[in-house]
Amino acid sequence: MRLDGRLDGRFDRSIEQLAHGYSRLEHGRLVAIGEPGAGKTVLAILLTLGLLGAREQGGRVPVLLPVSSWDPLRERLDDWIVRTLAVPYYGGDPEIPRILLSHGLLLPVLDGLDEIPESARRGAIRGINQAIGADRPAVVTCRAVEYEELIRGGAPRLRQAPVVEVLPVSPDDVIGYLREAAWPAGVDWSGVFERLRNERPGPLAEALSTPLMVTTARLVYQRGGREPAELLDEDRFDCRYAVEDHLTHQVVEAVYAGGEERERGRWSPEQARRWLTFLASHLHEHRERDLAWWLLGGRLLPVWVGPVITLVVGLLLAGVAVLWVWATAGFAADPPFGYIVAWALGSAGLFALVASILWYAAGSPLPGRLSWSPSGSAGRLRRGFRSGAVLSAAFVVPIASGVTLVVVVGTTLGPGTLQGAEDLAKLLTVCAALSFVTGLALAAHGWLNAPPSRAAQVSAANSVAQDRRSALAGALVAGVVFGITAMYGLWAGLSAGGLLFRWCTGWPGWPGDAETGAYLRAEWARSDHAYHAGGYGPGPSMLLPGTVFAIFVFLTRAWPRFVLARWWLAARGRLPWRLLDFLEDVRQREILRQSSGTYQFRHIRLQEALAGQPVGENRPSRTPGWTEPEGIRRRVVLTAGLTAALAGAGAGVAHQQDESRTVFADPSGQAVTAVAFRPGIRQNQLVWATSDGRVWWGSVLSGSRLVGVSDQRVLPEGKYRHSTVRALAFDPDGSVLAVARGKKVELWDVGQREPVFRGRWKTGAVHFLAFHPQGRYLAGTYYDDDFSDPSTGYIVGRVGDHGLPETLKRIGSTDPNLGAVSFLSQDELLVRDEEMGVSAYRAPEFRKSNRQLLATGQLSADSDHPDGVLAGPRGDCLYVTGSRNGLWQLGAGNEWHEEAGEMPFSSAAAFHPSQAVLAFAPTGDVYGSRADGTIQVWSTDAIPSYVRTLHGHMDEVTAMDFSPDGSLLVTAGVDGTVRLWTGVA
């Protein structure tokens, strides 16, 4: 390649000449060197334009890349090229530039190798040599001195590349250029021209030998009101650097001194210098030349701005929510208005936390453009959905995991239970559903948000305006989509989690065996109240989530951050309020130039002068985005971690299996409060009651199925509907059923379904019933919550042919929470007496026996757990409940001993009719944690021991009973199901 002399002629002819000369190079490698300000960057621009004009279809695309921002010690050249192209041209997506580079379709024009810090330049040379290999073309510009030093250090491929040197401007060309300029009256260049002609070389001639200094001199003396003759002072300007520094430092004041703008009083020279110095220092700190408006917010705002702004917005939303509740439900709302305010303030804090995390996670987002065009929308939809799903998972999984952990630990007996497994399954599906909903919302946002158009790349103001429209429209659409779909997505996630759990564990709890439709309908009915938010309208369920999500999206965009940064810096005097107008004004005054929607100082020398430090000196390096090998490693680690988490979650969901047979599931989900097997010949029949007062019966066939459940009731509903049945008991031959309904005790002839007795027992509400082994007596516990005369205790009545004609015995108690009462033999009724021991009352008068089975002090009252006693069928074992649950056995000398130690609290218990087996439903430990629906089976042999745990109920077990032959155990629960268990003994 030979390019001697000048590039004369028209502009298009000059760039064609450059492109033609480059095309003759064998390997397509070229190095352009020259002095600072000689025009290397201009040459690179002209060559790039010429190559673009001469490019054929499928040929390489030349791209001009200022390398001052490249850190070769941290990032490979190829990765830096991909990232640098992805940000302004592809919305940050590296896929297309990486493909172009890997297929050899890019020609990098690397401008300003000398602007890389000195400590990293040799690493840059090595990186370029490794990247271009044996056949990849490249163009590099560098200062002559720095390039010679680097090449001597070892760069075989660049050493073989042809070198083009940009020569100094001759004095004649300088004189001709300056003479043609329009000068104010009184500006005299004659002395300077004479010095240039006669003193070659000299400080003045050397200083004005570059286009940069010549144009800078024109600006200083054309607008600054100064005389060029000052440059002739040899004492002040004894070397070229003194002349260059003088012109560089005077150019800002010169372009803002006088003129129409000054007369309008828009910006003074002092203001312009102060603001430009701040911008130059900012660029110097980050080792960059491009002043990108979208980076200002992430770099120049204080760290506390995000949390403060989000907290203020959260409090405003909380205030609006409270006003909405007041407008729709008034101050007498349920829940109380104070609770609503507390909830709103807590939600404001949570909003501020999540929004702050999003604020910091977004960093410095790239600008976008509002686009309704279908072209490229599919890719934007996919990227938006992927980003939304990943972002949602990043936020939802930790929050949902924490909530699930609190629920599992706080409301069940902990991990490993069916309730814990259900919560875990719902955690998985809710996270998936909300991730999908978030993906949909951000897909809508991504569809509207396209990369900046070419017009925006030319103008920073257009780029800001386009991102503003895109941010507002995108956030609004995303909020609408999220507001409409969020609650339904939550319902779908909860429903799917419940179904997943039941499919994996054999359908424990309600609604029974694989009744998918019933479960979905019930979930929908339960969530319907949430959709209407207790009568508050669509505000809490749709408008509030949509608004919150829209704000979340808006806070991640570039424009609001730029506005906040502009206000903050203007308030502190660092930048003007009308920043974009100022930057455009500076560009028109030739201090800045514009490139791809960003601004640059007209030369790095001016940026250095304003920043007060040469750019080429060592400075802290900023860490770029992760490189491809690091990204691959992260994806592998994340994939492995996600796989392990899902595997662990799946194992946790399927850890327990439903071991029962569901015989009944109330269609409305009412709790089952009592259950009993019918003794006698018909051992396959059982009766249960639901909390709304209905009493059902069914027949067990082969110990596994129940027939006639859907419409068979042993008692008609009538006026007794909605009066809770708390206890059921059959007489020994199974012909009479005792029902405790509120304060009434009813005796029914089961065969005829007719009442034998129906009336008040002259007590409070009856909670437990027990028949005498021969059916002559019926005992129970009662509690009267009459505020004026509360009473509690035990009552015994004689059962005759015509009902209960009289009450034989009433045993008062100070314990407000009595549990079971039991007949130890045909003659003794066991009760927890008022001294909190266990005493016997002998029939027929039921006078208290002289001996106390368990002495005072061995047991104590407890206000939260029923205090009762249950006797084993052989009379040698007692299960005592209260503040201390225990299994007591009859030993030598008719003394009772607690051999098993302290046992869990229980809500129901039953002894096997013929074997030494006790089944009970634990409600927690000594601290009273909530029941988990399990049933423990214990052996009551000489040394009592735990045998097994039965899983199937999903809430507290309220009642249980063994079949007369002991082959079946039936249990009832708050979850609305009746379950049969085989092989318990």
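User: Is R694 buried or exposed?
Analyst: Buried means under 20% relative accessible area and exposed means over 50%, with partly exposed in between (1.4 Å probe, protein chains only). The relative accessible area of R694 is 8%, so this residue counts as buried.

User: Thanks! What kind of model is this?
Analyst: Residues are numbered from 1 along each chain as its sequence is written, and side-chain values use heavy atoms, with hydrogens and water left out. Local features need pLDDT of at least 70, side-chain atom pairs count only at pLDDT 80 or more, and totals for chains, interfaces and linings use all residues, since this is a predicted model.

User: With which residue does the side chain of R694 make a polar contact?
Analyst: R694 sits in the loop between β12 (685-690) and β13 (695-701); strands (E, at least two residues) and helices (H or I, at least four) are DSSP runs numbered from the N terminus. A polar contact is a pair of N or O atoms within 3.5 Å; within protein, one must be able to donate a hydrogen and the other to accept it, and residues adjacent in sequence count only if both atoms are side-chain atoms. At 2.8 Å, the side-chain partner of R694 is D692.

User: What does the side chain of S435 reach at 2.7 Å?
Analyst: S435 belongs to helix α19 (residues 418-448). With a relative accessible area of 9%, S435 is buried. At 2.7 Å its side chain reaches the backbone oxygen of C431.

User: How many salt bridges does a search of the whole structure find?
Analyst: Side chains of opposite charge can pair when their charged atoms come close. A salt bridge here is a side-chain nitrogen of Lys or Arg within 4 Å of a carboxyl oxygen of Asp or Glu. Across the whole structure, the number found is 25.

User: How far apart in sequence are the parts tied together by D79 and R98?
Analyst: D79 is buried at 4% relative accessibility, while R98 is partly exposed at 26%. The closest N and O atoms of their salt bridge are 3.5 Å apart. D79 lies in helix α3 (residues 77-89) and R98 in helix α4 (residues 95-102), so the pair ties together parts separated in sequence by 19 residues.

User: And what separates the closest N and O atoms of D79 and R76?
Analyst: R76 is partly exposed, with a relative accessible area of 45%. D79 forms a salt bridge with R76, and the closest N and O atoms lie apart by 3.0 Å.

User: Which residues are joined into one network with R240?
Analyst: R240 and E244 form a salt bridge with a closest N to O distance of 3.0 Å. Being four residues apart in helix α12 (residues 240-255), they are separated by about one helical turn. R240, at 16% relative accessibility, is buried, and so is E244, at 3%. Salt bridges that share partners join R240 into one network with E244, D245 and R605.

User: Where in the chain's secondary structure is L107 found?
Analyst: L107 is buried, with a relative accessible area of 5%. Its C-alpha atom is 9.6 Å from that of L51, 56 residues apart along the chain. The place of L107 is strand β3 (residues 106-111).
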